[in-house]
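Good morning, and thank you for joining this group meeting.

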Amino acid sequence: MTWQIVLGVVAALVVVLLISSVKILREYERGVAFRLGRLRPALGPGVRLLVPGLDKLVRVDLRVVTLTIPPQEVITKDNVPARVNAVVLFQVTDPVQSVMAVENHAVATSQIAQTTLRSVVGRADLDTLLAHRADLNEDLAQSIAAQTAPWGVQVNVVEIKDVEIPEAMQRAMAREAEAERERRAKIINAHGELQASEELRQAADTLSRSPASLQLRYLQTLLELGADQNSTVVFPLPIDIIGPFLGKLPQLMETFNGRSNGTSPPRERPSADETPASTERDGHG
C-alpha cells in the first residue's frame, strides 16, 4: 500500500514537471533561454520543452512598441522656455541583444529618448521648433537609433506631439503675425496702385489723341450718374473748355472792381497810328 502511494506521488511529480517544462511561444514572441546561467540559442514560436530548475526562459516581444515621452522642460536656442512631449515607435530586432546588452530595453529607450529630446530641442530656436518639426523629428530618430542599435532595438518613428510656450510669448507671436499681414497688405496695395497708375497713364495717352473719345467718356459718365438716382451730381469739366475763361478772369475781376467803386473802366489808349490822323483832323477844323 505504501509503494502505491509513493508511485502515485512520483507520477504526480512527473506530470507537474512535464507541464512546467512545456512553454508555448506566440508568433510575435521569441524566447531567450539560459541553462545553468549559460545562454542558449534563441527559441522560435511554437511548443518548446525546457528542463525545470535548469532552464530559464525570457520572452521578448517583437511587435512595435509605442512609447510616450512625458513633457520635458526645455530652453530653446533663443532662450525661450517651452514644454515639449513626443512619441517614439520602436521594436526589437535582435532578441538576444535586447536581453544581454541592456537590463530593460524599454526603460532604457525611454530615458535615452527624453535626454535626446532635451538636447536636440535646446539646439534649435523657437521658429524651427514650430515650423520645421520634420527636420527635428529626423534628427531625433537618428540620434536615438544610434544609441539603441547595440541593444538590438530599432527606432522607427519619433514625432514631436505638442509644444507649449508661455502666454506672453503667444501674444507676442500673435502681434508679430498681425504686423506681418499688415505689411503684406500694404505692399499688395502699393503694387495695385502702381499698376493702376500705369494703366491710367496709358488710357490718358489714348484719350488725348482723340478729343471726341474724351467727350464720349463724359457722356457715358453722365449716363452712369443718372442711373443711380443720386441727389447730388458732380460733373467734371475738361480744362480745355474752361481754359479761356480762366485766362480772362483777371480782366473780368478788374472790371467788376471798377464798377463797384463807381469808376468807369479804363479806356484803351489809341495806338501810334491813330494819333496823328486825329490831330490832323482837328487842325483842319
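In which handedness of crossing does H3 pass H5? The crossing of H3 past H5 is right-handed; by convention, a crossing is left-handed if the near helix is turned anticlockwise from the far one by less than a right angle, and right-handed if clockwise. The residues that make this contact, meaning heavy atoms within 4.5 Å, are Thr109, Ile112, Ala113, Thr116, Leu117 and Val120 on H3, and Leu136, Asp139, Leu140, Ser143, Ile144, Gln147 and Thr148 on H5. Sorted by class, the contact of H3 with H5 comprises 7 nonpolar, 5 polar and 1 charged residues. Here Ala, Val, Leu, Ile, Met, Phe, Trp, Tyr, Cys and Pro count as nonpolar, Asp, Glu, Lys and Arg as charged, and the others, Gly among them, as polar.

Before continuing, a word on the source. This is a predicted model, in which local features need pLDDT of at least 70 and side-chain atom pairs count only at pLDDT 80 or more, while totals for chains, interfaces and linings use all residues. Residues are numbered from 1 along each chain as its sequence is written, and side-chain values use heavy atoms, with hydrogens and water left out.

Let us return to the helices. Helix H3 covers residues 105-122 and helix H5 residues 133-148; they pack at an angle of about 140 degrees, with their axes 10 Å apart. Axes are lines fitted to C-alpha atoms, for helices over the stretch in contact, and angles run from 0 to 180 degrees between N-to-C directions. H3 and H5 are therefore oblique to each other, since angles under 35 degrees count as roughly parallel, over 145 as roughly antiparallel, 65 to 115 as roughly perpendicular and the rest as oblique. Helices (H or I, at least four residues) and strands (E, at least two) are DSSP runs, numbered from the N terminus.

I turn now to the sheets. E7 and E8 are joined by 10 bridges, and Gln91 stands opposite Gln154 in E8.

Conventions
Two strands pair if DSSP finds at least two bridges between them.
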